[in-house]
Amino acid sequence: MAQGWGLGALINLDHYGHYIQWHVIQISVANLIVIILMVATFVAALFAPFPGRRNRKGTK
Amino acid sequence: MSNAQIERQWTSRLRHRVVEKLPPDRLLPDTQPAYVASWIYVFGVTTMAALGIVILTGVILALDGPQWWHSSSLGHFVNSMHLWSVEIFFFAMVVHLWGKFSMAAWRGGRSLTWVTGAVTFLASILAGFTGYVSQTNFDSQWIATQAKDGINSTGGGAFFNVLNLGQMLMWHIVLLPLAALALTGLHVIMVRVKGVVPPFEDNAEVSA
């Protein structure tokens with residue numbers, strides 16, 4: 001169906017999943033990417049400057 | 001009826017108690033403390049925004065049914081919206097959870113805020129799992145046959161049968177969304193009653 005569309009998925013997902021295995025631990029590459037993105041977002045949220053923060057005065 | 005009698009009515013007592021606990025200016029405040037101006041504080045509301053899209057797309061899917069979402073272009077689109085809003089919902093909720101855990105957000109009498117958030121997370125996971133087995137495709141059949149072994153090993157299979165599509169669909173579109181929405185509402189009310197948890201350096205204010 002997606003092939004009929006001008007805008008298909010940016011990444012071709014029409015294949016079997018890729019997995020990483022380390023002893024008894026097994027995780028799909030897709031899940032690993034999501035976890036890495038969540039950690040990166042968490043770290044960025046802690047340190048990235050928030051717009052307009054300097055202009056904010058005191059508390060309510 | 002005298003004023004004293006009116007004041008003794010359960011409606012009067014409940015109203016006074018609600019207004020005392022949650023006055024209108026605290027329920028819908030115009031400003032927030034300066035420390036809230038941080039990206040780490042945006043993931044709670046991102047989670048709720050995503051939940052709104054999840055519910056809206058879920059309602060549309062329920063209106064038109066499986067044949068529609070499996071066979072039509074618009075059905076595929078709404079089905080994808082439902083999936084990806086769930087992805088954003090869990091993504092934002094996990095970052096929100098990490099952020100609040102790192103702040104020890106249960107400080108200052110906020111334990112019920114923390115507990116309602118944690119239980120909402122658990123209800124949402126169950127909603128996600130029942131969603132997997134409600135797709136009505138080969139994927140859901142495969143997942144259900146795998147999940148039944150896990151559920152049966154706990155003895156819960158007699159009450160919660162993942163191979164029973166009707167039961168799973170009802171849990172997914174009625175019971176668990178109601179639970180998630182009610183718990184989210186309670187969670188937000190607790191945030192409004194107790195306020196947003198301040199950073200550690202302001203802990204003295206919290207205990208006051």
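Modeller: A salt bridge here is a side-chain nitrogen of Lys or Arg within 4 Å of a carboxyl oxygen of Asp or Glu. The model is a predicted one.

Colleague: With that rule, how many salt bridges are found across the interface of domain 1 of chain B and domain 2 of chain B?
Modeller: The domain assignment places domain 1 of chain B at 39-102 and domain 2 at 106-201. Across the interface of domain 1 of chain B and domain 2 of chain B, the number of salt bridges found by the rule is zero.

Colleague: How many residue pairs are in polar contact between domain 1 of chain B and domain 2 of chain B?
Modeller: Salt bridges across this interface of domain 1 and domain 2 of chain B number zero. Polar contacts are counted separately, with both residues at pLDDT 80 or more, and between domain 1 of chain B and domain 2 of chain B the residue pairs number three.

Colleague: Which element gives the largest share of the side of domain 1 of chain B that touches domain 2 of chain B?
Modeller: Two elements give two or more residues to that side of domain 1 of chain B, namely α4 (43-71) and α5 (73-102) of chain B. The largest share of the side, 10 residues, comes from α5(B).

Colleague: How many charged residues does the side of domain 1 of chain B that touches domain 2 of chain B have?
Modeller: By class, this side of domain 1 of chain B has 12 nonpolar and four polar residues. The charged residues on the side of domain 1 of chain B that touches domain 2 of chain B number one.

Colleague: What area do domain 1 of chain B and domain 2 of chain B bury between them?
Modeller: The C-alpha centres of domain 1 of chain B and domain 2 of chain B are 14 Å apart. The contact takes 17 residues from domain 1 of chain B and 20 residues from domain 2 of chain B. Carbon and sulfur atoms carry 77% of the area buried between domain 1 of chain B and domain 2 of chain B, which is about 1,400 Å².

Colleague: Which residues of domain 1 of chain B lose the most area to domain 2 of chain B?
Modeller: Domain 1 and domain 2 of chain B bury about 1,400 Å² between them. Three residues in domain 1 of chain B together make up 26% of what that side buries, and those that lose the most area to domain 2 of chain B are Tyr41(B), Leu51(B) and Phe90(B).

Colleague: Turning to the two chains, which residues in chain B lose the most area to chain A?
Modeller: The contact takes 19 residues from chain B and 19 residues from chain A. Chain B and chain A bury about 1,800 Å² between them, with 77% of it on carbon and sulfur atoms. Together accounting for 34% of what the chain B side buries, the residues that lose the most area to chain A are Ala37(B), Trp39(B) and Phe91(B).

Colleague: Which element supplies the largest share of the side of chain B that touches chain A?
Modeller: The residues of the side of chain B that touches chain A divide into 12 nonpolar, seven polar and no charged. The largest share of that side of chain B, eight residues, comes from α5(B).

Colleague: Is His82(B) buried or exposed?
Modeller: His82(B) sits in helix α5 of chain B. Leaving aside neighbours within four places in sequence, His82(B) is in contact with Val54(B), Thr57(B), Gly58(B), Leu61(B) and His172(B). A polar atom of the His82(B) side chain lies 3.2 Å from the backbone oxygen of Val54(B). The cut-off for buried is under 20% relative accessible area, and His82(B) is at 16%, so His82(B) counts as buried.

Colleague: How far apart in space are Met81(B) and Thr57(B), C-alpha to C-alpha?
Modeller: Met81(B) is also in helix α5 of chain B, and is partly exposed at a relative accessible area of 36%. Not counting residues up to four places away in sequence, Met81(B) touches Ile53(B) and Thr57(B). Met81(B) and Thr57(B) are 24 residues apart in sequence, and their C-alpha to C-alpha distance is 6.7 Å.

Colleague: Which residue forms a salt bridge with Asp149(B)?
Modeller: Over all chains the rule counts one salt bridge. Asp149(B) is partly exposed, with a relative accessible area of 45%. The closest N and O atoms of the salt bridge are 2.9 Å apart, and the partner of Asp149(B) is Lys148(B).

Key
Residues are numbered from 1 along each chain as its sequence is written. Chains are lettered from A and ligands numbered from 1 in the order in which they are written. This is a predicted model: local features need pLDDT of at least 70, side-chain atom pairs count only at pLDDT 80 or more; totals for chains, interfaces and linings use all residues. Side-chain values use heavy atoms; hydrogens and water are left out. Domain bounds come from an automatic or database domain assignment. Contact means heavy atoms within 4.5 Å. Buried area is the accessible area (1.4 Å probe) that two parts lose on being put together, summed over both. A polar contact is a pair of N or O atoms within 3.5 Å; within protein, one must be able to donate a hydrogen and the other to accept it, and residues adjacent in sequence count only if both atoms are side-chain atoms. Helices (H or I, at least four residues) and strands (E, at least two) are DSSP runs, numbered from the N terminus. Ala, Val, Leu, Ile, Met, Phe, Trp, Tyr, Cys and Pro count as nonpolar, Asp, Glu, Lys and Arg as charged, and the others, Gly among them, as polar. Buried means under 20% relative accessible area, exposed over 50%, partly exposed in between (1.4 Å probe, protein chains only).
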